[in-house]
Each structure stands twice: as C-alpha cells, then as structure tokens.
Amino acid sequence: MTTAIAYEHVQMAYGQKVIIPDFNLEIAKGEFVTVIGSSGCGKTTILKMVNGLVLPTAGRVLVEGQDIKQLDLINLRRNIGYAIQGSVLFPHMTVEENIAYVPTLLNGADHERTLRAVSKWMQIVGLDEEIRQRYPDELSGGQQQRVGIARALAASPDILLMDEPFGAVDALTRGQLQEELRRIYQQTGITVLFVTHDIHEALKLGTRVLVMDQGQVLQYGTPDEIVHRPAAAFVRQLVGKDDR
Amino acid sequence: MLQSILALLAERHEFFLNLLWQHLEISFVAIAIAIVFGGLAGILISEYQRAAKPTLAVINFLYTIPSISMLGFLIPFSGIGNATAIIALTIYALLPMVRSTHTGISNVEPALLEAAVGMGSTRLQVLRRIKLPLAMPVIMSGIRSMATMTIALAGIASFIGAGGLGIAIYRGITTNNAALTMTGSLLIAVLALVVDVLLGLAERCVGRHPRKAGANSSNPKPCWCRYALPVILALVLLGAGGSYFWRTPKPVTLHLATKPMTEQFILGEMLRVLIIQETGLPVQVTPGVGGGTANIEIGMEKGVFDLYPEYTGTGWNAVLKNKGLYTESLFNQMQAEYKEKLGLEWVGMYGFNNTFGMVVQKDIAQRYNLKTYSDLAKVAPQLTFGAEYDFFERKDGYQALCDAYNLKFKGTVDLDIGLKYQALNEKKIDVMNIFTTDGQLAAADAVVLVDDKNFYPSYKCGTVVRREILQQQPKLAAALHKLDDKITDSAMAEMNYQVETNKKEPKAVAHDFLRQAGLLKGEVQP
C-alpha cells in the first residue's frame with residue numbers, strides 16, 4: 001500500500017505561539033481518515049497543509065511522495081477536492097456553474113466534457129437534474145451540501161479534503177449525507193481527510209480515526225481500536241462519554 | 001415661469017440640443033475615464049490592502065477641494081476649455097468609483113475566497129470569477145451615484161470656457177435672464193435623472209440574480225441581461241471617446257471668446273456674423289468665459305482662442321501689467337507691446353468707450369450731497385461697496401481707486417456683473433462701480449459721481465487677435481475693420497438695455513444693429 005499523504009516533523013507556529021510542535025503521520029492511499037479533537041487542536045491546520053493553504057514553519061508535507069513546497073500549488077489544489085464548513089457555494093453561480101468550477105479552470109475550452117462531468121457528479125451525489133440552473137439560495141440545506149460535495153469531486157481528484165462539511169445541517173439530513181459520502185468513497189476509492197468534532201461521525205465514516213490534542217497525535221487507528229483500546233485519557237473520555 | 005421655459009425650449013431647441021450634446025460629451029468622457037481608472041485603482045488597492053489607506057486619503061483630500069478652486073488650479077496647466085473641465089470632473093468622479101470598488105471587493109466573504117483559492121484558482125481567476133461578480137452590485141451603485149454627480153457638476157464647466165448646459169445657466173445669470181438659467185438647470189436635472197434610470201436598469205441586471213426562489217428555473221437570466229453592462233459600458237466608452245476624437249480635427253475654425261457680460265455677448269455675435277460673411281470661415285464662439293480677461297488671456301496665449309473683444313485700458317494695465325494711467329495717446333506703444341510680448345494685435349476699434357464709473361444710491365447722494373468721488377471719501381466709512389469679482393483683484397481696480405481718493409468703505413461685497421444693479425436696487429450695497437455703457441444704468445435709482453481727479457483711464461473697445469491667425473487668414477483684418485467707429489457709447493448702452501431689461505436675445509440685438517448700420521449682406525448665417 002502506498003502513501004497518499006505524509007507529515008514529517010511538521011511544526012506550525014504563529015509568532016511565539018506554537019500550535020503544532022512536531023507532527024508526524026502517514027496516511028495510506030484509499031483511507032478515509034476522520035480527524036477529531038477539541039477546537040483549536042490544530043486539526044483544520046493539518047487539513048489545510050495538504051493543499052498548501054497553510055504552509056508549515058518547519059518540516060515537510062508530502063503528497064503522493066512529493067514535498068508540496070516543490071510543487072506548483074495551483075496545480076496541486078486543482079487535483080485535490082476541497083469542501084469546507086457549510087459547503088460555501090458561490091452565490092452568484094448556478095448549481096451547474098458551481099460544480100463546473102474546477103473543471104472549467106482545468107479545461108476551460110472543452111465545455112461539453114465539463115457539462116458531462118457535472119451530470120455525472122450530480123447523479124452520484126443524488127441531485128435532481130432540474131435544479132441545475134438554480135442558485136444556491138434557492139436550494140435546501142441538504143441540497144447545498146450535496147452540491148458542495150459534487151463541486152469538490154467534479155475534477156475527479158485523488159484526495160478529498162473536508163472540513164466539517166455537514167456542520168450546518170439537521171441531524172436527519174446529516175445522516176443521509178454521511179451515507180452518500182460513504183457510498184461515494186466506496187465507489188471511487190479516493191483518499192479522504194475529514195475533519196469533524198462529532199465522535200459519532202468520526203467513528204461511523206472513518207476507516208482510520210485520528211485523535212488530536214494540542215497539535216499532537218494522541219491515537220491513529222481503526223474505529224475499533226479507538227473504541228476498545230483507547231491510547232490516552234483524552235481518547236477514553238471522548239469515547240467514554242459516548243458510552244454513558 | 002414654466003411657460004417661458006417651454007417657449008424658450010421651442011424657440012431655441014437647436015441651441016439647447018447642442019449644449020445638451022456637449023454636456024453629455026464632457027460628462028461621459030469624465031465618467032468613462034473614472035470608471036476605467038477608478039475601477040483599476042479600486043481593484044489594485046483591494047489586492048494590495050496596504051496601499052488602500054494612503055490612496056483613499058489622497059483621493060479624499062482631492063474630493064474636498066471646492067470645485068471652483070479646482071478649476072482655478074487646473075487652468076495654468078491645461079488651459080481654458082473642455083480638457084480642464086474633464087480633468088476636474090474625473091478627479092471628483094474618482095473617489096466614489098475607487099471607494100465603491102474597494103468596498104465591494106473587500107466585503108466579499110473570506111470563506112468564499114478561501115474556497116476559491118483552495119480549489120486551485122489563480123489570483124486573477126479569484127478576482128475575475130469571484131471577487132468582481134460579487135462586488136458588482138456595490139460597484140454599480142457607486143457608478144450610478146458617480147454618474148449623476150458628474151452630470152450635475154459638469155454644469156460649472158462653462159465657468160472655464162467649456163461647453164455644456166452650464167453655458168445656459170451662466171449666460172442666464174450674466175444677462176439677468178431667469179428663464180434661461182432655469183431651462184439650463186432643468187435640462188441638467190432631466191439628463192441626470194435619465195442616466196440614473198438607465199444605470200438603474202443595468203444595475204438590476206448585474207444583481208446576483210433577478211429571479212425569486214421557486215420561479216421557473218429553466219433560464220436564469222434573460223440573455224440580454226448578461227451582456228447589458230458590458231454593452232452599455234462599451235457604448236459609453238465608444239460614444240464618448242469616439243465623438244471626442246472624431247470631433248477634434250476640423251477645418252480651420254476661428255475660436256472667438258467673450259467675457260461674461262451682456263455687451264460682449266452682443267459684440268461676439270456681431271463679430272461672428274461679420275467674419276462668416278466676409279471670410280467664409282467657420283467661427284466657434286465661447287461666450288462668457290468665467291473670470292473674464294484673466295482666463296481668456298491664458299486661452300489666447302495657448303491658442304485655444306483666436307480673438308476676443310477687449311478694452312484698451314484693461315489691455316494696458318491688466319494684460320501688459322503696465323503701471324500708470326492709460327490714455328489713448330499710448331495706443332501705439334501698447335500695440336507694439338502686444339505684438340512683441342504676446343503675439344497679439346489690436347484690429348479695429350468699435351468707437352465706444354466703456355470706462356468705469358461709480359454710482360451711489362440716490363437717497364444717500366441727496367442726504368450727504370454727494371457729487372464727486374472726493375465727496376464720497378468723507379462718508380465712505382458708513383457705506384458698503386459692491387463690484388464684480390475681478391474688480392477687487394485687478395491692478396487698476398478697487399485698491400487703486402481707494403488709494404487715489406483715500407476711500408475707506410465699511411465693507412465690500414463680491415457680486416456677479418449681472419446681479420449688481422439688483423443688489424443696488426435692493427439696497428444690499430450703497431455704492432458700486434459701473435461701466436459707462438451699462439444698460440441698467442438708465443433704469444437704476446442711482447446717481448453717477450464725477451471722477452474729479454481723473455482716476456479712470458480710457459477703455460475703448462476693440463478686437464484683439466492672435467497674429468498667427470491674421471497671417472493665415474488675410475481677409476480677417478478687413479472683416480474686423482468693418483466695425484470701426486460704428487458703435488457710440490449711447491448705442492452700446494441702448495443695446496445692453498434691450499437685452500437686460502427688454503429681454504431681447506443678444507443675437508437678435510446684434511443682428512438689428514448690423515442691419516441698421518448697413519453691414520449685413522443678405523441673411524444672417526446661423
């Protein structure tokens with residue numbers, strides 16, 4: 001099994017304040033990694049280091065074996081799906097234009113191909129063709145999240161980064177979206193890095209769960225290992241609360 | 001009032017259409033330049049936020065300069081005429097444009113920008129595909145208010161010899177013709193409103209999306225809407241730019257300027273008619289250049305104007321800046337200095353002498369038994385003196401007069417030439433300077449005082465022409481000499497009276513005079 005993402009002695013500091021002292025992790029290709037931890041533990045920072053939105057003050061981040069400092073960030077980002085909190089669709093673009101955003105950046109001229117990709121991804125995320133020309137504020141919360149996922153996947157990336165994508169929807173819709181996401185993951189075999197603060201979600205979706213605290217890895221293991229063999233008091237507390 | 005405005009519009013629609021077109025031209029060129037450069041500046045300071053504060057501070061400062069002084073500052077650099085007006089208008093239009101662009105772009109939600117960057121957009125793509133479309137509603141409303149403001153402000157452009165509806169306003173004020181002023185103002189207001197409505201339509205089109213939720217979703221915007229803004233912008237740019245450059249190269253046109261006073265409007269028309277009749281050359285008249293001599297003189301030296309009616313005494317003291325009293329025996333010396341120092345020449349003297357005088361309200365004159373300027377000196381500390389703006393500034397004006405007679409007035413009031421008699425009749429001022437050909441002098445309730453120390457010089461009126469033009473156009477001099485000694489003091493005063501009190505058009509009065517003097521051959525050329 002090859003490595004999709006690797007962190008080597010990554011350090012992140014804002015002035016005097018060290019957020020991440022020394023972070024090391026290897027994520028194998030095809031894993032669905034859920035990242036959980038209290039807020040401010042550095043989980044979003046870890047995520048943004050993969051597509052170079054945040055650059056580490058020291059250490060290396062490798063994507064598919066290559067140091068991202070040596071890569072063209074624009075190109076790298078176009079090959080990594082990115083969906084953030086509340087999905088953040090572009091309000092002045094239709095559903096179609098939103099989903100087509102990255103494909104258009106990539107192959108602006110081949111409009112036909114882009115439209116086919118939009119149809120394909122709308123179908124995969126379970127969106128009705130008839131909302132194609134609607135604007136984001138004419139969609140329900142669930143539909144918006146689906147468009148967000150479709151937009152992140154539209155260029156068929158190898159890696160998908162998601163930062164609490166379902167944070168703003170109701171429990172029922174969230175459940176459905178989680179099912180869809182799992183199905184898509186199984187269909188595509190993509191590597192997913194998924195930040196959440198909900199332990200249910202982390203255990204339900206992840207093939208691996210990464211528990212973080214104060215910028216450090218507390219435990220990296222399967223959901224089963226996390227639940228049955230918690231490696232630290234924080235992990236025990238996180239899962240333990242769940243048992244009560 | 002409405003009736004007289006409508007009558008005026010019907011009677012002189014060509015005149016007003018021409019002014020309207022000039023007004024559009026000046027304001028649209030300024031608006032187009034401001035949209036392009038203000039927009040670019042707004043984008044740049046949004047991309048490089050550190051530059052935003054100093055840039056906005058500088059533009060803010062420019063914005064606070066009163067428009068009159070802005071025009072004044074610009075005259076030495078860009079001269080009299082449309083260029084200066086456009087520069088000034090552009091400077092005022094920049095602030096709303098830069099600010100709305102900057103505000104619009106800065107207010108785009110950061111999360112959207114992060115999403116766009118995270119998905120691999122280049123800086124230019126983020127700007128073009130996310131920032132600008134989302135900022136467009138704010139930018140459009142900025143353009144809208146900027147355009148209306150510019151059109152309104154363009155009304156003062158005629159103050160420095162530019163065209164536009166301000167000419168109607170300014171001429172209305174100087175010839176005491178309220179209907180003319182009202183019509184000019186009204187047309188500016190209408191023009192501003194129409195442009196505002198058109199831009200409002202464009203604004204609706206660039207709004208995020210005009211459709212309400214749940215409406216038929218097959219077609220998001222009527223397709224013309226997508227192209228409306230670029231098309232309107234392109235048309236404005238093309239129309240403004242095109243007409244501006246396309247209109248500049250013309251056959252040799254004589255540019256005739258006049259000072260902002262009734263007499264000069266009449267003389268300007270006489271000269272225009274005679275030149276066209278005798279030489280066949282087209283003549284473009286810039287009537288009533290604000291500030292009078294000082295500003296026309298700059299235009300003459302820069303070649304913006306070719307000829308204008310001037311007074312000998314003014315030429316000697318204010319233009320040549322010679323000290324001492326001018327008498328007509330100095331004419332040859334003055335002519336030589338004009339040719340040598342200024343490249344200008346006096347060609348043809350009309351005959352009348354429009355010199356200064358001073359009047360006092362009749363009851364004040366009777367109360368103190370005032371007959372001469374020397375009598376006035378004794379009671380001056382109780383009286384207020386009024387004069388037009390440049391009388392207080394010129395070397396042969398107010399200060400010299402006060403020094404000669406040891407006058408010390410209680411206060412002074414700056415008045416427009418056209419409003420002076422009104423101010424005297426309403427007793428806002430007690431004493432004022434006059435010209436010996438003032439039409440309203442006959443009707444005024446005032447006593448003309450005697451210049452007992454011969455303070456005032458001679459002010460015979462004639463045409464000053466650029467020598468270059470005289471050499472290029474050999475027939476011109478003969479045309480100008482047609483008016484030699486044709487107009488007496490009383491004839492001039494009478495013509496002024498016809499315009500100012502009997503409300504005749506300066507043009508009509510000029511034509512009547514030429515006809516009676518037998519100078520007109522056939523019909524008057526428009």
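## A first walk through a two-chain model

Strand E1 (residues 254-257) of chain B pairs with strand E2 (residues 283-286) of chain B in the parallel sense, over four bridges. Two strands count as paired if DSSP finds at least two bridges between them, and the elements themselves are DSSP runs numbered from the N terminus: helices (H or I) of at least four residues and strands (E) of at least two. Within this pair, B:Ala257 stands opposite B:Thr286 in E2(B).

This is a predicted model, in which local features need pLDDT of at least 70 and side-chain atom pairs count only at pLDDT 80 or more, while totals for chains, interfaces and linings use all residues. Residues are numbered from 1 along each chain as its sequence is written, and chains are lettered from A and ligands numbered from 1 in the order in which they are written.

### The two chains

Here are the two chains next to each other. A residue is buried if 20 or more other C-beta atoms lie within 10 Å of its own, exposed if 12 or fewer, and partly exposed in between, with C-beta atoms placed from the backbone. Two residues are in contact if their C-beta atoms, placed in that way, lie within 7 Å.

| Chain | Helices and strands | Buried residues | Contacts joining residues at least 24 apart, among those at least 6 apart in sequence |
|---|---|---|---|
| Chain A | ten helices and ten strands | 43% of 244 residues | 67% |

How does the confidence look in chain A? The average pLDDT of chain A is 88, and 96% of the residues score at least 70; pLDDT is the predictor's confidence in each residue, from 0 to 100. Where pLDDT is low, the predicted coordinates should not be read in detail.

### The sheet of chain A

Six strands of chain A form an open sheet with mixed pairing, in the order E6-E7-E8-E3-E9-E10. Its edge strands, E6 (80-83) and E10 (216-221) of chain A, each pair on one side only. From one strand to the next, the twist averages 15 degrees. E6(A) runs parallel to strand E7 (residues 159-163) of chain A, and four bridges join them. There, A:Gly81 stands opposite A:Leu160 in E7(A). Helix H6 (residues 141-153) of chain A lies across E6 and E7 of chain A, running at about 160 degrees to E6(A). Such angles run from 0 to 180 degrees between N-to-C directions, with axes being lines fitted to C-alpha atoms, for helices over the stretch in contact.

### Strands of chain B

Chain B has an open sheet of five strands, again with mixed pairing, in the order E7-E6-E8-E5-E9. The edge strands of this sheet are E7 (411-415) and E9 (446-448) of chain B, each pairing on one side only. On average, neighbouring strands of this sheet are turned by 30 degrees against each other, direction ignored.

Strand E6 (residues 384-388) of chain B runs parallel to E7(B), joined by five bridges, and B:Glu388 stands opposite B:Leu415 in E7(B). Strand E5 (residues 356-361) of chain B has five of its six residues buried, so E5(B) is largely enclosed by the rest of the structure. E5(B) pairs in the antiparallel sense with strand E8 (residues 431-435) of chain B over five bridges, where B:Val360 has B:Val431 as its bridge partner. E5(B) also runs antiparallel to E9(B), joined by three bridges, and B:Gln361 stands opposite B:Ala446.

Back in E1(B), both faces are covered: B:Leu254 and B:Leu256 on one side, and B:His255 and B:Ala257 on the other, are all buried. In a regular strand the side chains alternate between the two faces of the sheet.

Where does H7(B) bend? The bend, about 50 degrees, is at B:Met136, and a proline, B:Pro137, follows within four residues. A bend is the angle between axes fitted to the seven residues ending at a residue and the seven starting there. Helix H7 (residues 123-153) of chain B has 31 residues, yet its end C-alpha atoms are only 38 Å apart, short of the 45 Å that a straight helix would reach. That expected span is 1.5 Å times one less than the number of residues.

B:Lys321 has a positive phi of about 60 degrees although it is not a glycine. B:Lys321 sits in the loop between helix H13 (312-319) and helix H14 (331-342) of chain B, and is exposed, with 9 other C-beta atoms within 10 Å. B:Lys503 likewise has a positive phi of about 60 degrees without being a glycine. This lysine, B:Lys503, is in the loop between helix H22 (489-500) and helix H23 (506-516) of chain B, and counts as partly exposed, with 14 C-beta neighbours inside 10 Å.
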